[in-house]
2 protein chains.
Amino acid sequence: MSRQCPIAVNGREYQWPRRPVVVTCLDGSSFEYLFHAAAAGVAPFLRSLLKNGFVRAAESAIPSFTNPNNLSIVTGVPPSRHGIAGNFFLDRETNRAVMMNDPCFLRAETIPAAFARAGAKVVIITAKEKLRRLLSAGLDGLCVSAENEGQPVYSSILSEHVLRRGAELMASTAPDLMYLSTSDYVQHLFPPGSSEANQFYAAIDEQLAHLDRSGATLVITADHGMSAKTDPDGRPRIIFLQQLLDAWLGTGNTRVILPITDPYVAHHGSLGSFACIYLEDRSLTAEIVPRLSSLPGLDLVLEHDIACRQFELPEDRTGDIIVCANHETVLGTHPHEHDLSVLRSPLRSHGGLAEREVPILFNRRIRLPSQVKRFKNYDAFWFALNCADDKSDSVRLAGSGEGKGPEMTI
Amino acid sequence: MSRQCPIAVNGREYQWPRRPVVVTCLDGSSFEYLFHAAAAGVAPFLRSLLKNGFVRAAESAIPSFTNPNNLSIVTGVPPSRHGIAGNFFLDRETNRAVMMNDPCFLRAETIPAAFARAGAKVVIITAKEKLRRLLSAGLDGLCVSAENEGQPVYSSILSEHVLRRGAELMASTAPDLMYLSTSDYVQHLFPPGSSEANQFYAAIDEQLAHLDRSGATLVITADHGMSAKTDPDGRPRIIFLQQLLDAWLGTGNTRVILPITDPYVAHHGSLGSFACIYLEDRSLTAEIVPRLSSLPGLDLVLEHDIACRQFELPEDRTGDIIVCANHETVLGTHPHEHDLSVLRSPLRSHGGLAEREVPILFNRRIRLPSQVKRFKNYDAFWFALNCADDKSDSVRLAGSGEGKGPEMTI
């Protein structure tokens, strides 16, 4: 295949990059984190993108969790197509919760894998090993995790390492396509504008600026936002769904699955704002949906078919009812199944509609087809490969610089 | 003249607006003020523009003062063409400092005046009366100042009134073209992110959102930025230029003009970061320029011809030498000519290169001609009338809204 031919992946076409393309997924990075870092003056490169770049609010996939969104971004399609709708789903035949961290659960090809097969040099770097396995599916290229390279998981260093490695590899080997994905350790602990968050974005900013200076077309987006899920005293607001359903309907009639559950509990204690309810008897749907809908703290209670259509979810990995808690509320199963002592600060989490909005920033002009009205984070590669004006300079060089006035030519 | 014909003003062509166009000059509003207000969550409309609008860092005219920039914006040309290079210049024949607040000093037609003559309904609202007089030059349309309408000059209310009146008039009479210009009272007193500044931008934001909802194409820019001109203890850093020159060369050989000087001294005590030096004997230039250039605290010392070329200044209203102080320094004449007791807070001012960068934000898509590389605030009307996609929705409606998820169609 000629390097000039567009590559088709999951029914979408992608142009061969004329300069390196780097898509960066900054885990848990809402606009608030970026605005605060820009306002504090600690992130000059992100600030220049906010001022001169192509910037849009984009929608992430629901549930607004890490894996569904990372896989959406690398495949260019929603969870209904690639199959990864969370960390867990219920296997109805065995009635067991199945973890979807293995590549065998992935139903779509990744864009990096398709380009690598066509001869492109591709690099993927993730923070955590669990995600690396999924992202490496079918990939003939470098795919490493900072965790596997010995970096501490519960630390901002993990994410910084991802970007530093990316910038180093870009400088040394100039791959055609790069995907960098960080961890939301910092965002789970610290709110936008906190010194810890600003310090993190300062370090990230430095590496992003390196990538920009390398001449790459750079896209920065996120998998989801992050909200404080607490009352005014800092105590978590939790709706224990399984406990509630058991009290209403008796034990054993429903099974609540929290797809945020993963081995890294210290981030969130398995508490997020999205849950699936599986029913022994689906006819209970008509009773449960309105009853749950009247609860305070919930944004949305939808039955399976409507949820799958509305949010492009895979039918066989979505509960009979899905529940989204609101911006200040999370969903649990039973109190005894969540060890809140692991939380090291007031709970911050995600998964619902309030964390759906994410930034998407480009370091080059984007020639936008007129039919494009809404932005999805999983269009990141599509915009970068098909719409970026790769003859234009980086926006870092645009405008009048950092208030320094014109370059003096006299 | 048909309403469809483009209007030529000062050698540039402007399309007739298909929907109302509002250009807003937020006096003294650097990006920092906007980023902080967005990060604090108090300015949802400005936040939506930063996220989804067409946003660029633009250059303001030097000196980065109010009148040169307001007149540049309404005429679409730099001070070299419209003549207003500050509040004062030295009349070499009479050796008197002449105030340029009268319309007779304006050498170019304004865009609103040209459109009004062609039959457009035009409205101009300014904060202060001094500027209103200049902006009303040749205008067959409504031109009012908040000051003249009885609003207190030393108050944030003055600016809020400008925008509120604008939003009311847009709702009631839907003029074709509107220019709104606020005062920098708040910015001279309070830094970005202070509660006072955020409160001001919250009030401004509300009115801007009204204007946006009216369906107008809205441009938001500024005349200049604003910097703290103090040492770490909050004392003003002032270079008293006249005192210095008199000490070097003897009294009467030089005349320092501070074009920021105006009747509203409480804002800045006539201390800005730009000064003109007029010489009895122009051959002194060669001696003074290098001597001044070696002073700490100055960004730039340029002789007349170079300054006029570099900054597009009017030759007959520019000193033999122009001086720009740096981001933390202002220029005075003699200590006894500046009453620092009028300052009500640590000095914040403008006039130099550090305050040159201003934001320019649009509420609609901009179809940018490929040759446009740099943005001037005085291109505001040109972009709004010639490049805005006035068939597109306001960006307020774009993206996924304020984290509320999709509109539910079920």
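**Helix H12 of chain B against its sheet.** In this predicted model, helix H12 (residues 304-311) of chain B lies across S15 and S16 of chain B, running at about 115° to S15(B). Helices (H or I, at least four residues) and strands (E, at least two) are DSSP runs, numbered from the N terminus; axes are lines fitted to C-alpha atoms, for helices over the stretch in contact, with angles from 0 to 180 degrees between N-to-C directions. Contact requires that the C-beta atoms of two residues, placed from the backbone, lie within 7 Å.

**Helix H10 of chain B.** Helix H10 (residues 241-249) of chain B lies across S13, S14 and S16 of chain B, and runs at about 170° to S13(B).

**The four-stranded sheet of chain B.** The open sheet has the strand order S13-S14-S16-S15 (chain B) with antiparallel pairing, where two strands pair if DSSP finds at least two bridges between them. Strand S13 (254-257) and strand S15 (298-303) of chain B are the edge strands, each pairing on one side only, and the twist averages 20° from one strand to the next.

**Strands S14 and S16 of chain B.** Four bridges join strand S14 (residues 274-279) and strand S16 (residues 321-325) of chain B in the antiparallel sense, and Ile277(B) stands opposite Ile321(B) in S16(B).

**The contact between chains A and B.** Chain A contributes 31 residues and chain B 31 residues. On the side of chain A that touches chain B, the largest share, six residues, comes from H1(A).

Residues are numbered from 1 along each chain as its sequence is written, and chains are lettered from A and ligands numbered from 1 in the order in which they are written. Local features need pLDDT of at least 70, side-chain atom pairs count only at pLDDT 80 or more, and totals for chains, interfaces and linings use all residues.
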